[in-house]
Amino acid sequence: QVQLVESGGGLVQAGDSLRLSCAVSGRTFSSYVMGWFRQAPGKGRTFVAGINWSDGSTYYGDSVKGRFTISRDNAKNMVYLRVNSLKPEDTAVYYCAARHLLLRDYSYWGPGTQVTVSS
C-alpha cells in the first residue's frame, strides 16, 4: 500500500524558514514525479514544486521560485521542501503527492501538514 506522510509544519513567524518532509513507502518511485502542493484557507490546491525521482530534475510554481527548494533522498525514501523567507500568504496546508512520469494527474496524496505564518 502506497503511503505518503508529511511532517515539519507548524506556526512560524514571517521571515523564518522551514523544511517539510514527506516519507514515501509502498512501492518503487523511480518512474515517478514527486510534487508539493498547497491549499490556503478558502482557496484551491495549487502546485508548488516537483522533482523527478530518477534524475532529480526540478520545477517550481511561479509564485515560489527562488524561495522554495525541493529535494529527495533516494536511500531514505524522503522528499523535502525547504521554504525560506516565509510570508503570511504562505499559510496553507502543504501536501506531498506522486504521479507516474507518463501521466498528468497525481495519483497518490499525503494527508497534509499545516504551515501557519504570523506577521
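**View A. Leu 18 and its partner across the strand pair.** In this predicted model, Leu 18 stands opposite Val 83 of strand β8. Strand β3 covers residues 18-25. Six bridges join β3 to β8. The two strands run antiparallel.

**View B. The four-stranded open sheet.** The strand order is β1-β3-β8-β7, with antiparallel pairing. β1 (3-7) and β7 form the edges, each pairing on one side only. On average, neighbouring strands of this sheet are turned by 15° against each other, direction ignored.

**View C. Asn 77, a non-glycine residue with positive phi.** Its phi is about 55°. Asn 77 sits in the loop that links β7 (68-73) to β8 (78-83).

**View D. Ser 85, in the loop between β8 and β9****.** Ser 85 also is not a glycine, and has a positive phi of about 50°. Ser 85 counts as partly exposed because its relative accessibility is 41%.

**View E. A nonpolar surface patch of leucines****.** Leu 101, Leu 102 and Leu 103 make this patch. The patch area is about 310 Å². Leu 102 belongs to the loop between β9 (92-100) and β10 (108-109). Its relative accessibility is 73%, so Leu 102 counts as exposed; the cut-off for exposed is over 50%.

How values were computed:
Residues numbered from 1 in each chain as written. Predicted model: local features only at pLDDT ≥ 70, side-chain atom pairs only at ≥ 80, totals over all residues. Heavy atoms only, no water. Patch = residues over 30% accessible without salt bridge, like charges linked within 9 Å, V, L, I, M, F, W, Y side chains within 5 Å. Areas by Shrake-Rupley, 256 points an atom, 1.4 Å probe, with all protein chains shown as cover. Salt bridge = Lys/Arg side-chain N within 4 Å of Asp/Glu carboxyl O. Buried < 20%, exposed > 50% of the residue type's maximum accessible area, 1.4 Å probe, protein only. Pairing = 2+ DSSP bridges. Axes fitted to C-alpha atoms, helices over the stretch in contact; angles between N-to-C directions.
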